[in-house]
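Please look at the sequence and the 3D structure together before reading on. The text below walks through them part by part.

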Amino acid sequence: MREIKIGILGFGTVGAGVVEGIQKNGALMAERTGIVPRVAKIADLDIQTDRGLVIPDGVLTTDALAVINDPEIDLIVELIGGTTLARTFTLEALRQGKRVITANKALLADHGKEIYRTAQENNTGIYYEASVGGGIPILRSQRAGLIGNRIESIFGILNGTCNYILTRMEREGLPFAEILADAQQLGYAETPPDLDIDGIDTAHKAVILASMAYGAPVPMSACSTKGIRGMSASEIANAEELGYRIKLLAIIKDNAGEVELSVEPTLVPKEHMIASVSDSFNAVFVKGDIVGETMYYGRGAGRLPTGSAVIGDIMEAAADKLNDVGVPVSVTMMLQRDSLTYCSADNIEKRCYVRLSLEDKPGAMAQVMTIFGKHNISIASVVQKERHAAGYAPVVILTQEAKESEFSAAMDEISALAVSRHVPVRMRLEDFE
Ligand code: HSE
């Protein structure tokens, strides 16, 4: 048996999950790999709070740099979050040739290029399975099982908090804010939770998936991002009636050599597997040119699922260190190309759901249809319910595929019509065909 000494920076929700997992199953990991994982140091500014774990004397410290500089420590696990101190500590550990494991998607989305390059220059590795999809080994699947495939598309439900909120809104009709408070209590949400509900957390994960799929660090600016803030129960009910569910979906496609990347609330057909992914679960649907369609499912947030992904990386990094692997595939795959070309948000072709509130008088619908026609948007279905308050009727339209720029121009014109009340609501519709 060989032993590997681990230094953990950050003893919050995930840090505690990692320590708990190693305490529970460390012996099993050692039996399976011949490597004994030993948590030698844990650094956190708060070393008083009880995390419900027994930590041997001398392991807890408030000095993160001392952990990185300790020559006895082989692996550094960065779980402090944020992008300032986390970046400094990660780069310092890599410069010392140490292998770094992180769950920090914001760090990789914002500073990935610098971090992968620093790892490469110092003949070491950065491992980041826990940054995407919590407990789902999606990055490992991409860089191992699917290594022989060109990735045609990836669709992901990547935020546990949003999926939990949408699921409970659909099932229980509860207000958004009340469900968000539950998600925070369950340890799913970011601090602040705006990162979840505005789609930023999903976008961080989407750019990491896209970077690995297409071989260069993708900037956040390449991802057109919308969240679920302000989602109303009536949209969820309308979608349901038409045979769809609303999911916050990351969409990544190889669009004839251009990378298409977006995060937005999207209607998905109820019969598609991805529509059945509920609560805090995440799922990633990947199409490869050799394998075809594959799907990966699991808990995307929370102490133990994310801890499980970190532990997987710890054992891989330990084996790489002990076997003198040098720069691992988790780094080389991100640095295959200097840059990529992106499909601009305006050029993305998509189907849409549109809800209008239209005055109930002759010619109102005709005016709307004329605008759609002028912008080359074909209508797939229209549902108008009988008159509601003050002579206005809700109209729900599903369109065929058209360009984003045409949709946005059409919506501006429809909003300006005298017969239209409220700004129209519009969401993407994806039928995976
Ligand atoms: N806030 C994230 C989520 C946690 O809700 O999925 C995991 O990244």
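This is a predicted model: local features need pLDDT of at least 70, side-chain atom pairs count only at pLDDT 80 or more; totals for chains, interfaces and linings use all residues.

Residues are numbered from 1 along each chain as its sequence is written, and side-chain values use heavy atoms, with hydrogens and water left out.

Helices (H or I, at least four residues) and strands (E, at least two) are DSSP runs numbered from the N terminus. Two strands are said to pair if DSSP finds at least two bridges between them. An open sheet is built from six strands in the order β3-β2-β1-β4-β5-β6, with parallel pairing. Its edges are β3 (60-61) and β6 (126-127), each of which has a single partner strand, so one side of each is left without a neighbour in the sheet. Within this sheet, β1 (residues 2-9) and β2 (residues 35-43) are parallel and share eight bridges. One of the residues involved is E3, whose bridge partner in β2 is V36.

Strand β17 (residues 420-429) takes part in two pairings. With β10 (residues 258-269), β17 pairs in the parallel sense over two bridges; here L267 has L429 of β17 as its bridge partner. With β13 (residues 349-359), β17 runs antiparallel, and seven bridges join the two. R355 stands opposite V425 of β17.

N123 has a positive phi of about 55° although it is not a glycine, and N123 lies in the loop between α4 (105-121) and β6. For N376, also a residue other than glycine, phi is positive and near 60°; the loop that holds N376 is between α13 (364-374) and β14 (379-384).

Which residues are around the ligand? Counting those with a heavy atom within 4 Å of it, they are K105, N159, G160, T161, Y188, A189, E190, D196, D201, K205, G300 and A301. This shell divides into three nonpolar, four polar and five charged residues. In this grouping Ala, Val, Leu, Ile, Met, Phe, Trp, Tyr, Cys and Pro are nonpolar, Asp, Glu, Lys and Arg are charged, and the others, Gly among them, are polar.

A polar backbone atom of G160 is 2.7 Å from an oxygen atom of the ligand, and a polar backbone atom of Y188 is 2.7 Å from a nitrogen atom of the ligand. From D196, a polar side-chain atom lies 2.7 Å from a ligand nitrogen atom. The elements giving two or more residues to the shell are α6 (160-172) and α9 (200-214).

Methods
A polar contact is a pair of N or O atoms within 3.5 Å; within protein, one must be able to donate a hydrogen and the other to accept it, and residues adjacent in sequence count only if both atoms are side-chain atoms.
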